[in-house]
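Here's a quick briefing to read with the model open beside you. It goes from the overall fold to the contacts between side chains.

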Amino acid sequence: MENIQKNKRELIGLIVSDKMDKSVVVQIERFVQHKVYKKFMKQYKKYYVHDEKNECRIGDTVKIIETRPLSKLKRFRVSEIVKKAV
């Protein structure tokens, strides 16, 4: 049986905390245009993400994918590490 991921959000972000066991906090950055002033602004949102192997570190860029609820706050899991921190 195939493991098909349909309509799952995939986001790319920066890890800002890895102090928990099997969990990391990922900050997603996006540009949004102000409705009145038309200026582009950065908006940030933090997601609690499941990291099964505890291999992610602060500063890594990761791709996360939406999954079933894993705990009270975790709704995403690490799909892959795009870029390791130096």
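Predicted model: local features only at pLDDT ≥ 70, side-chain atom pairs only at ≥ 80, totals over all residues.

For burial, the cut-offs go like this: buried means under 20% relative accessible area, exposed means over 50%, and partly exposed is in between, using a 1.4 Å probe and protein chains only. Residues are numbered from 1 along each chain as its sequence is written, and side-chain values use heavy atoms, with hydrogens and water left out.

**Overall fold**

- The protein has five strands and zero helices; helices (H or I, at least four residues) and strands (E, at least two) are DSSP runs, numbered from the N terminus.
- Along the sequence that reads as β-β-β-β-β.
- The five strands make a closed barrel in the order 1-2-3-5-4, with mixed pairing; two strands pair if DSSP finds at least two bridges between them.
- On average, neighbouring strands of this sheet are turned by 45° against each other, direction ignored; the axes behind such angles are lines fitted to C-alpha atoms, for helices over the stretch in contact, and angles run from 0 to 180 degrees between N-to-C directions.
- Taken along the principal axes, the C-alpha atoms fill a box of roughly 50 × 35 × 25 Å.
- Of the 86 residues, 24% count as buried.

**Strand 3 and its partners**

- Strand 2 and strand 3 run antiparallel and are joined by 11 bridges.
- Within that pairing, Gln27 sits opposite Lys46 in strand 3.
- Six residues lie between strand 2 and strand 3 in their hairpin, and Lys38 in the turn has a positive phi of about 60°.
- Strand 3 also pairs with strand 5, this time in the parallel sense and over two bridges.
- Across from Val49 you'll find Phe76 in strand 5.

**The aromatic pair**

- Searching the whole structure turns up one aromatic pair; rings of Phe, Tyr and Trp (its six-membered ring) pair if their centres lie within 6.5 Å, with planes under 30 degrees apart counting as stacked, over 60 as edge-to-face and the rest as tilted.
- Tyr47 and Phe76 have ring centres 4.9 Å apart and planes at 65°, so they're edge-to-face.
- Because Tyr47 lies in strand 3 (residues 40–50) and Phe76 in strand 5 (residues 76–83), the pair ties together parts that are 29 residues apart in sequence.
- Tyr47 is buried, at 13% relative accessible area, and Phe76 is buried too, at 2%.

**Salt bridges**

- There are seven salt bridges in the structure, each one a side-chain nitrogen of Lys or Arg within 4 Å of a carboxyl oxygen of Asp or Glu.
- One of them joins the side chains of Glu66 and Arg9 at 3.9 Å, N to O.
- Since Glu66 belongs to strand 4 (residues 61–66) and Arg9 to the segment before strand 1, that pair ties together parts 57 residues apart in sequence.
- Arg9 is partly exposed, with a relative accessible area of 40%.
- Glu52 and Lys22 form another, with their closest N and O atoms 3.2 Å apart.
- This pair links distant parts of the chain, 30 residues apart: Glu52 is in the loop between strand 3 and strand 4, and Lys22 in the loop between strand 1 and strand 2.
- Glu52 is partly exposed at 48% relative accessibility, and Lys22 is partly exposed at 32%.
- Asp60 and Lys84 also meet through their side chains in a salt bridge (3.7 Å, N to O).
- With Asp60 in the loop between strand 3 and strand 4 and Lys84 in the segment after strand 5, the pair ties together parts that are 24 residues apart in sequence.
- Asp60 is buried, at 2% relative accessibility, whereas Lys84 is partly exposed, at 47%.

**Surface patch**

- Met20, Tyr48 and Leu73 make a nonpolar surface patch of about 260 Å².
- Patches are made of residues with over 30% relative accessible area and no salt bridge, with like charges joined within 9 Å and nonpolar side chains (Val, Leu, Ile, Met, Phe, Trp, Tyr) within 5 Å.
- Accessible areas come from the Shrake-Rupley method with a 1.4 Å probe, and for residues only the protein chains shown count as cover.
- Met20 is placed in the loop between strand 1 (10–17) and strand 2 (23–33), and Met20 is partly exposed at 33% relative accessibility.
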